[in-house]
Amino acid sequence: MQIINQSPSGFILAEAVCRKDPRGSFAETFQQARWEELGVRTLFKQDNISVSKEAGTLRGLHYQLNPAAQAKLIRVTAGAIYDVIVDIRQGSPTFGSWYGFILTSRNYRQLLVPRGFAHGFCTLVPDTEVFYKVDGYYSPEHDRGIIWNDPALGIDWPVSEPVLSDKDRNHPPLAQADNNFVWEDSTP
C-alpha cells in the first residue's frame, strides 16, 4: 500500500499496489498492521456495499453522531466515484472544509474517513459499486446528514442535478445540522 495523501486533519488517501500478469491482476486491499503503522488504531466491525445504477447518483453527506460515530475505509470495486468528505469537528482548524477524491475500480485508491467527517459520493459512471468498512455499527437514531449542495460549503460536485434519495434531498445545511463532534475527540 502506498500513501498518496496523509492529512493533518486525519484522512488518509492510499493506493493498493496492483500486480498484473497475463491472467489479470492482484492487489492486497486491506491489512490491519499496515494501517496501525500509520497510526490508525481503528478496528473495523462491519462491511457495507453500495450499488448505484445511474451515473450522477449522489449519496450523502452522511455521518453518525457520537457515541455511534463511524470511521470509514472507502474503495470502489466497480466503476468510479467523486468522493467527498467534510470536516464537521467543532474547533478544528479545518472545520467546514471539504476534500474531494476520484476513486475508481482501476486506480485501487481507498480513503480513510475519520470520525467527525461527513461523507458522500457521486457516481461518475453507471453500475458503480462502493465497498466500505466501518468501525461502528449502523445506528438509525444517530444517523444524520448535511445537504449535498450547502452553499456555505461550496462543494464542486461533478453534477448539478444528481439522482438523490428523498432522505438526502432533505438534509439541513451544516449550520443547522445536529453535530456533537469536537476536534480533540475524533481521531480514528
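Modeller: The lining of the largest pocket divides into 5 nonpolar, 9 polar and 4 charged residues. This is a predicted model. The pocket holds about 330 Å³ of space and is lined by 18 residues, with His 62, Lys 72, Tyr 132, Tyr 138 and Asp 143 nearest its centre. Strands 5 (46-52), 6 (58-64), 11 (117-123) and 12 (128-134) each supply at least two residues of that lining. Strand 6 gives the most, with 5 residues.

Now the rings: the count of aromatic pairs comes to 5. In one of them, the ring centres of Tyr 63 and Phe 181 are 6.2 Å apart and the planes stand at 65°, so the pair is edge-to-face. Tyr 63 lies in strand 6 and Phe 181 in the segment after helix 2 (166-169), so this pair ties together parts 118 residues apart in sequence. Tyr 63 is buried, at 5% relative accessibility, and Phe 181 is buried at 2%.

The rings of Tyr 82 and Trp 157 are also edge-to-face, because their planes stand at 80°, with centres 6.3 Å apart. Tyr 82 belongs to strand 8 (residues 80-87) and Trp 157 to the loop between strand 13 (143-145) and helix 2, so the parts tied together are 75 residues apart in sequence. Tyr 82 counts as buried at 14% relative accessibility, and Trp 157 is buried at 8%.

Elsewhere, ring pairs link Phe 11, Tyr 99 and Phe 101 into a cluster. Lys 133 lies over the face of Phe 30, at 5.0 Å from the ring centre.

Key. Residues are numbered from 1 along each chain as its sequence is written. This is a predicted model: local features need pLDDT of at least 70, side-chain atom pairs count only at pLDDT 80 or more; totals for chains, interfaces and linings use all residues. Side-chain values use heavy atoms; hydrogens and water are left out. On a 1 Å grid over the protein atoms alone, a cavity is a set of points where a 1.4 Å probe fits but cannot get out, and a pocket is an open set with protein on both sides within 12 Å along at least five of seven lines; lining residues have an atom within 4 Å of a point. Grid points are joined across faces, edges and corners, and a volume is the space filled by probe spheres set on the points. Helices (H or I, at least four residues) and strands (E, at least two) are DSSP runs, numbered from the N terminus. Ala, Val, Leu, Ile, Met, Phe, Trp, Tyr, Cys and Pro count as nonpolar, Asp, Glu, Lys and Arg as charged, and the others, Gly among them, as polar. Rings of Phe, Tyr and Trp (its six-membered ring) pair if their centres lie within 6.5 Å; planes under 30 degrees apart count as stacked, over 60 as edge-to-face and the rest as tilted. Buried means under 20% relative accessible area, exposed over 50%, partly exposed in between (1.4 Å probe, protein chains only). A charge sits over a ring if NZ of Lys or CZ of Arg is within 6 Å of the ring centre and within 35 degrees of the ring normal.
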